[in-house]
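I opened a new notebook page for this structure and set down, in the order I looked things up, what I could find.

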Amino acid sequence: MNTYYAANLLIFAGVDIIACLALNLQFGVSGVVNFSFIVFQAAGAYAAAVLSMPPDTAPDYSFQIYVGGYQLPFPLPWIGGAVVGALLALPIGLVVLRRLRADYQAIALLVTSIIANTVINNARPLLNGAAGLALVPQPLDGVVNTSTNSYQYLYIGLTAICVAIVWFIAARIVNSPYGRTLRAMRENEVAASALGKNPTALKMTIFVVGGAIAGLSGAILVGFLQVWAPSTWLYPETIILFAAVIVGGRGNNVGAILGALLVPVGFEEVTRLLGRMNIGPPNLIPALEWVCIGLLILGFLWFRPKGVVPEQRRVFPGAPAVEEETRWVVGKGAR
Amino acid sequence: MLSARDIHRHFEGMHAVDGVSIEVMPGRITGLIGPNGAGKSTFMAVLAGTLPASSGSIVFQGEDITRLPAYQRARRGLVRTFQLPSEFGQLTVLENLLVAAPDNRGESLLGALLGKRYWMPDETRLVAQARGLLKRFGLLPKESDYAGMLSGGQKRLVEIMRALMLRPRLLLLDEPMSGVHPSIVNEIAGYLEQLRDDGLTILMVEHELHIVDRLCDPVIVMAQGKVIGQGSMAALRRQPEVVDAYLVG
């Protein structure tokens with residue numbers, strides 16, 4: 001296994017783990033079926049690209065047109081990617097999450113994904129249209145030599161640091177009273193609302209957090225690939241991430257990581273290797289990959305809906321400390 | 001305590017609630033009875049803010065809450081339970097109660113990110129309170145069970161306890177005995193009597209007339225979206241229109 005292949009595999013694994021942790025917060029923990037997830041990853045990638053690239057009038061870049069071109073040093077493009085992912089979540093969330101029922105929210109988000117891809121594909125002056133952006137500078141380009149094996153290890157390290165940060169955030173959320181309220185909203189939104197919880201505010205916060213993390217994952221990806229185009233973020237990419245969360249285990253961060261390793265990384269890697277063996281007609285293996293992902297989702301929803309690593313039961317430790325007096329229940333109100 | 005004036009709720013031309021006005025007095029269990037389709041549950045949903053009123057006004061504790069969403073009414077102490085079981089099935093019984101508890105610093109995103117040290121004191125206090133309720137209602141041994149795995153009667157108790165964690169001023173109970181084994185019905189009724197004696201105000205939709213007889217005074221009778229009678233059960237039994245609409249048999 002050469003260094004580039006290993007780096008490729010590990011960085012993709014890191015990006016998919018980050019994305020699956022974010023989608024798990026939204027879908028697995030909170031019940032927000034974000035079928036536009038890939039749009040936030042794409043927004044982060046585009047943002048990181050135009051923040052790190054020179055203006056499109058620069059000599060080597062004049063074959064493409066795009067807004068921005070600020071040549072900001074690392075890590076600002078990655079931070080910018082996360083910020084743009086979060087900012088994009090605000091208008092989309094305010095339109096979709098406030099009034100629509102959950103199933104219509106899912107449809108609206110799917111449509112959002114298709115619209116966003118179509119707009120970027122066709123509005124060339126914005127982000128170079130269907131051809132996409134190329135020659136995106138790698139992080140620390142000009143500071144260190146980016147064409148060495150050592151740089152590949154450095155990139156793996158940077159990705160691992162981001163995975164650790166996102167894991168830390170996701171764990172704090174899932175294991176907190178806030179995470180418990182999100183799970184309650186997932187179970188029964190109307191009942192949660194009747195208990196004084198504001199479902200719109202809850203959904204908006206987790207939508208923005210998930211958007212930021214998705215944006216970061218896109219920024220990491222574009223820094224490694226150095227290219228980004230609408231063909232890389234079509235809506236089915238979101239379905240792969242959903243498959244990962246469903247297979248791994250909804251509502252469980254460990255499950256999300258396992259799902260990321262099994263589906264986007266493992267599954268696609270196997271497919272890619274099979275593709276090299278020239279089995280059947282040229283596009284048979286990629287087509288079968290989609291069939292298998294569909295069957296995988298159906299199979300798990302049918303036979304093991306909680307996934308490989310189900311959501312943990314929260315048991316409160318210690319001998320029950322009981323407050324015997326319960327007349328406090330009457331009359332004060334929560335406000 | 002609660003005053004609803006000329007409440008209407010229409011569904012595409014159908015008048016589910018048609019000009020209902022009621023007063024709920026503090027410290028009592030007010031019953032709301034009527035045949036199926038009378039509009040009782042719709043009216044309860046309008047009071048709680050789960051459904052908006054088409055017209056009319058609701059004043060709670062001197063404040064007009066007609067335009068407030070459900071979560072803001074709940075925060076003011078107007079808390080409801082549902083006709084169908086509405087437990088958070090994949091949360092444990094104790095978690096169901098803790099979700100409802102206000103004043104937990106870990107309930108915001110920022111609080112969650114600040115970590116356990118920041119919110120654990122609140123959590124510990126609320127766990128003790130929740131366990132106190134579980135003990136009072138006899139469900140302490142079930143605290144770590146998933147709420148979705150409980151029996152119908154136990155789910156009802158969890159819903160009532162969950163509502164109590166909010167420290168309600170007025171509890172709206174929508175058929176709390178529905179789907180409950182007859183042996184548990186009297187047990188729940190006993191708990192409701194205790195809560196009334198503690199000073200809690202309750203408005204309760206119920207079909208079990210012996211329970212209404214035992215707990216409720218006054219009782220409001222609805223039929224076809226309107227109030228057709230109000231008073232004690234003994235007085236209502238003497239009103240022909242009430243007997244015709246509901247009490248026959």
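This is a predicted model: local features need pLDDT of at least 70, side-chain atom pairs count only at pLDDT 80 or more; totals for chains, interfaces and linings use all residues.

The entries below follow that plan.

**Entry 1: the chain as a whole.** The C-alpha trace of chain B spans about 65 × 40 × 30 Å along its principal axes. I then looked up burial, and buried residues account for 51% of the 249 residues in chain B. Among contacts in chain B between residues at least 6 apart in sequence, I found that 64% join residues at least 24 apart.

**Entry 2: domains.** The domain assignment of chain B gives domain 1, which covers 2-87 + 166-247, and domain 2, which covers 90-149. I looked up the separation of the two, and their C-alpha centres lie 28 Å apart.

**Entry 3: the open sheet.** I followed four strands of chain B that form an open sheet in the order β2-β1-β4-β5, with antiparallel pairing. At the edges stand β2 (14-24) and β5 (63-64) of chain B, each with a single partner strand, so one side of each is left without a neighbour in the sheet. Strand β1 of chain B, residues 2-11, runs antiparallel to β2(B) and is joined to it by eight bridges. At one place in this pairing, L2(B) stands opposite V24(B) in β2(B).

**Entry 4: strand β9.** One partner of β9(B) is strand β3 of chain B, residues 29-33, which pairs with it in the parallel sense over three bridges, and here I33(B) stands opposite V221(B). Another partner is strand β10 of chain B, residues 226-231, which runs antiparallel to β9(B) and is joined to it by five bridges; in β10(B), G229(B) is the bridge partner of V221(B). The hairpin of β9(B) and β10(B) has two residues between the strands, and Q224(B) takes a positive phi near 50 degrees there.

**Entry 5: the core.** I met V221(B) again in the largest nonpolar core, which has 176 residues and where V221(B) is listed with I18(A), C20(A), L21(A), A49(A) and M161(B) as having the most contacts inside it. Domain 1 and domain 2 of chain B both give residues to this core, so it lies between them. For A49(A), leaving aside neighbours within four places in sequence, I noted contacts with L133(A), V136(A), V222(A) and W228(A).

**Entry 6: where the chains touch.** Last, I looked up the contact between the chains, which takes 52 residues from chain B and 43 residues from chain A. On the side of chain B that touches chain A, several elements each supply at least two residues, including α2 (70-75), β6 (78-80) and α6 (152-164). The element that gives the most there is α5(B), with 10 residues.

Notes. Residues are numbered from 1 along each chain as its sequence is written. Chains are lettered from A and ligands numbered from 1 in the order in which they are written. A nonpolar core is a set of buried Ala, Val, Leu, Ile, Met, Phe, Trp, Tyr and Cys residues joined through C-beta atoms within 7 Å. A residue is buried if 20 or more other C-beta atoms lie within 10 Å of its own, exposed if 12 or fewer, and partly exposed in between; C-beta atoms are placed from the backbone. Domain bounds come from an automatic or database domain assignment. Two residues are in contact if their C-beta atoms, placed from the backbone, lie within 7 Å. Two strands pair if DSSP finds at least two bridges between them.
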